[in-house]
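The following exercises are to be worked through with the sequence and the model at hand. Each task is followed by a solution in steps.

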Amino acid sequence: MISKNITISIPSGLEARPVALLVQVASRFESRITIESGDKVVNAKSIMGMMTLGLAAGENVTVNADGVDEANAIAEIEKYLSAEN
């Protein structure tokens with residue numbers, strides 16, 4: 001299992017469209033992927049779960065991945081969350 005702290009750089013934060021895109025990125029991997037914010041831990045492949053976090057730009061999250069492609073999963077999710085597009 002790999003864990004990484006990441007700061008959300010997406011200007012709008014994780015509202016509906018960015019969450020949907022994040023779920024698409026996470027779903028490409030076999031690994032179990034979770035996002036932690038405060039005391040909440042949600043499945044990164046769940047749109048509804050991710051929406052409950054209500055994350056804004058500049059917030060920090062911990063991304064956890066456990067599985068055969070965990071390193072690639074963390075790298076791609078970090079790349080997405082760190083993009084300032």
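**Exercise 1.** Is S31 buried or exposed? Determine also where S31 is placed and what its side chain joins.

*Solution.* The model is predicted.

Step 1. S31 is situated in the loop between α1 and β2.

Step 2. The relative accessible area of S31 is 1%. Buried means under 20%, so S31 is buried.

Step 3. Neighbours within four places in sequence are set aside; S31 is then in contact with K45, D66, G67, V68, D69 and E70.

Step 4. The side chains of S31 and D69 are joined by a polar contact of 2.5 Å. A polar atom of the S31 side chain also lies 3.1 Å from the backbone nitrogen of E70.

Step 5. For E15, the sequence separation from S31 is 16 residues, and the C-alpha atoms of the two are separated by 24 Å.

**Exercise 2.** Which residues of α3 are buried, and against which elements do they pack?

*Solution.* 

Step 1. Helix α3 comprises residues 70–82, 13 residues in total. From its first C-alpha to its last it reaches 18 Å, close to the 18 Å expected at 1.5 Å a residue.

Step 2. The buried residues of α3 are E70, A73, I74, I77, Y80 and L81. Because these residues cover an arc of only 130° around the axis, they are on the same side of α3.

Step 3. The spacing follows a general rule: an α-helix has 3.6 residues a turn, so residues three or four places apart point the same way.

Step 4. N72 and K79, on the other side of α3, are exposed.

Step 5. The packing partners of the buried residues of α3 are β1, α1 (16–27), β2 and β4 (60–66).

Notes. Residues are numbered from 1 along each chain as its sequence is written. This is a predicted model: local features need pLDDT of at least 70, side-chain atom pairs count only at pLDDT 80 or more; totals for chains, interfaces and linings use all residues. Side-chain values use heavy atoms; hydrogens and water are left out. Helices (H or I, at least four residues) and strands (E, at least two) are DSSP runs, numbered from the N terminus. The expected span of a helix is 1.5 Å times one less than its number of residues. Buried means under 20% relative accessible area, exposed over 50%, partly exposed in between (1.4 Å probe, protein chains only). The arc is that of the directions from the helix axis to the C-beta atoms. Contact means heavy atoms within 4.5 Å. A polar contact is a pair of N or O atoms within 3.5 Å; within protein, one must be able to donate a hydrogen and the other to accept it, and residues adjacent in sequence count only if both atoms are side-chain atoms.
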